[in-house]
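Have a look at the fold before reading on.

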Amino acid sequence: MAEPKLRVLMVSDFFFPNFGGVENHIYYLSQCLLNLGHKVVVMTHAYGNRTGVRYMTGGLKVYYVPWRPFAMQNTFPTVYGTLPIVRTILKRERITVVHGHQAFSTLCHEALMHARTMGYRVVFTDHSLYGFADVGSIHMNKVLQFTLADIDQAICVSHTSKENTVLRSGLAPGKVFMIPNAVDTAMFKPADVRPSSDDVITIVVISRLVYRKGADLLVEVIPEVCRLYPNVRFVVGGDGPKHVRLEEMREKHSLQDRVEMLGAVPHSRVRSVLVTGHIFLNSSLTEAFCIAILEAASCGLLTVSTRVGGVLPDDMVVLAEPDPDDMVRAIEKAISILPSINPEEMHNRMKKLYSWQDVAKRTEIVYDRALKCSNRNLLERLSRFLSCGAWAGKVFCMVMIIDYLLWRLLQFLQPDDDVEEAPDINFCN
Amino acid sequence: MVSSSISNKRYTYIHESESEANREAIDIHHVIINGSRVTGYARLRWLATFLVALAIIMYFLLGKDNPVRTLSWSCLLSGFFVMIQTRKFVKKESVIIMPTFGIQLETQYLSGKTLSMFIPIGKILKPVLVECVTPVTCYWSLSLFLRGEEQLTLVFKELRPTLKMLVPIWKALCAVIGTDQSEMMTEEEHVVA
C-alpha cells in the first residue's frame, strides 16, 4: 500500500462509545478520509473499562488514554499533564496534522497547545454555539481565544457558527472555513411505501426534551395544532427534564390518543420512527447545525423549523420564529404543501447536497492550506498571545513558555529517537 | 548453536537456538539491560550516599543526646532499604521455549536472585503483541492468553523491549503453539533507521 498522503490525529473528549453529533462527525469524517488514502488516528479519554488502543472499521486506530473524565465527559484539565502522552502519540504515528474538535473539550485544547509547541500543524473545528454573558461562557471564550490565537486553520459547521466563533475568539475570519455537516443518506432512506396522508397526518418530533431544544414551545404548539386539525397526530421521541411538562400537557387536553410519547429513541431506531411520519418539527431555540433536520429530509419528510444554523433549501423546509403562533402558522403551511412533496426526490437531492465524501474532500483542502502555513518560531508566536488581553496575554505567554521548557525537558529525558514508531497495519478487506 | 542479536541504547536482545533444521530443539531468547552492571552499581552508590546524608541529618536533628543509637538505627534502616532496592533492579529477562512441552519465563535480578515461571504448552491459547497505553506513555508488550485465566500474562514483566525485539519472540511462540501466522493481519512494518 502506498504511503498515506496525510497523517491526521483527531483529538476530542467526545468519541464513541459516547453518542452525539460531534462523535458522529469525527467518525464519518475519519472513515471518508481513510477512503481517500490518508491515515487517521483518534485520541480521546478512556470510557469506563475501555482503555488502550482499539481498531474500528477501516483500520481507524483509536487511543483511549486513561485520563478519567471529571465533568460532562471532559478530561480533568491539568494544562501540562497530557504533554508526555500527546508527544508519544504524535511521534509514534508520525502525525502531520492535528485536528481538534469541540470548544468544550479540555483534552482538545491541551492537545492543540502541545502540538503547536512541538511545531505540528493544527486545525480546529467548532461544533456548537455559545453565549457571551454568563460566567461559564466568559471563561470558555477566553480559553478558546488562547487556543485559536495560534491556530493554522479553523472550520465551522455553518455561517451562524462561524460568526459566533469569530466573535468569541477574535480570530481573523479569513482563517475560518465553513464546511457543513452531512448526513448518512445510506442509512436514512424514505420508507418503501409512504404512509398515506389522506386520513391521518403524522408530525414527528425527535429531540432531547430540554429548554435549549425548545421543548417549552412544543407544549404550546401541540394542543393548538390538534385543535385546528382533527386529523393530525404527533409522535414525540426523546427524553429529558421537560418530559414532565409534555405529559402534563397531554393530560390537560386529553390528547393521549393523538400524542404518542416514545421516550428515549436509540440512534439506530431513529429512521424507523421518522418514516412513520409526514412532517418533522424542530423547535430548537439555537443550534450551530441541526443534523436532525437533515436526517428527516433524507427520509423524505417535510420540515418545519426555527431559524437555526444549517438550514435546508427553501422548498424542503418551512421556517418559523421561535414563537408558538408563528410555528402554528408554519405547520398550517406545511400541511397545505404536503401533497406536492415527493420523498424519493427529496432523498436524492439530499444525497447530492450533503455527503460525507464531500465534507472529507473539503477538509482535505483545509489540511493542505494548513500545511502551507509557515512555521513560526517561539518568539513570533508569543507576540500573538500578547494581543489577547492586558493581563490575559501575559498569562498565556507564560503558559506557552513553560510548555516549551517542559517539552525540551522531556526531549532531554526521553530523546525523540527513543520513541518507537508504530507500524501501519493494513486490514484485509 | 546459532545466535543472533539486536541491540539499542537500553536493551540487548539475544536469540540462542540450535541450527534451523532441528525444530524440536530448545529456543532461548534473552533481553538484557545494557550497562546493567554500571548503571546498577552507580544507582546503588547514589542511594548509599543519599542515605548516609540522611543519617547525618537525622543525627543532628534528633540524636544529639544519644548519637550512637541514632547512627546505628540509621545504618540499619539504610542497609535494609538498600537491600530491598537491589532486589528490584533487573539484570535480564529470558524466555525459554521447549517445543511440545512448555515455556519458561525467567527474570534475573542484580542481586543474583532469579524468578521463574513455567507455563505448559496446553495452557497457552495465543501469544499477542499489545499496545499498552498509560496516562503518560504508550509501549508494545508481548502477552499470552492462558486457558482459565481472565488476565493476560506478560512475557516480560519488568522490561520494555522494542517491537523489533518482540516480533521474533512472538513468531517463535506462534510456531511452537502451531498458530497459523497467515491467519493474522498482515503487517506492513515501517523500518526504523
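## The sheet and what packs on it

In chain A, 8 strands make an open sheet of mixed pairing, ordered 3-4-2-1-7-8-9-10 (strands are DSSP E runs of at least two residues, helices H or I runs of at least four, numbered from the N terminus; two strands pair if DSSP finds at least two bridges between them). Strand 3 (52–56) and strand 10 of chain A sit at the edges with a single partner strand each, so one side of each has no neighbour in the sheet. This is a predicted model: local features need pLDDT of at least 70 and side-chain atom pairs 80 or more, while totals for chains, interfaces and linings use all residues. Residues are numbered from 1 along each chain as written, chains are lettered from A and ligands numbered from 1 in written order, and side-chain values use heavy atoms, without hydrogens and water.

Strand 3 of chain A runs antiparallel to strand 4 (residues 60–65) of chain A, joined by 5 bridges. Across that pair, Arg54(A) faces Val62(A) in strand 4 of chain A.

| Residue | State |
|---|---|
| Trp356(A) | buried |
| Val359(A) | buried |
| Thr363(A) | buried |
| Tyr367(A) | buried |

The buried residues of helix 12 of chain A fall within an arc of 165° seen down its axis (taken from the directions from the axis to the C-beta atoms), so they line one face of the helix. Their cover includes strand 1 (7–11) and helix 1 (21–35) of chain A.

Technical notes
Buried means under 20% relative accessible area, exposed over 50%, partly exposed in between (1.4 Å probe, protein chains only). Contact means heavy atoms within 4.5 Å.
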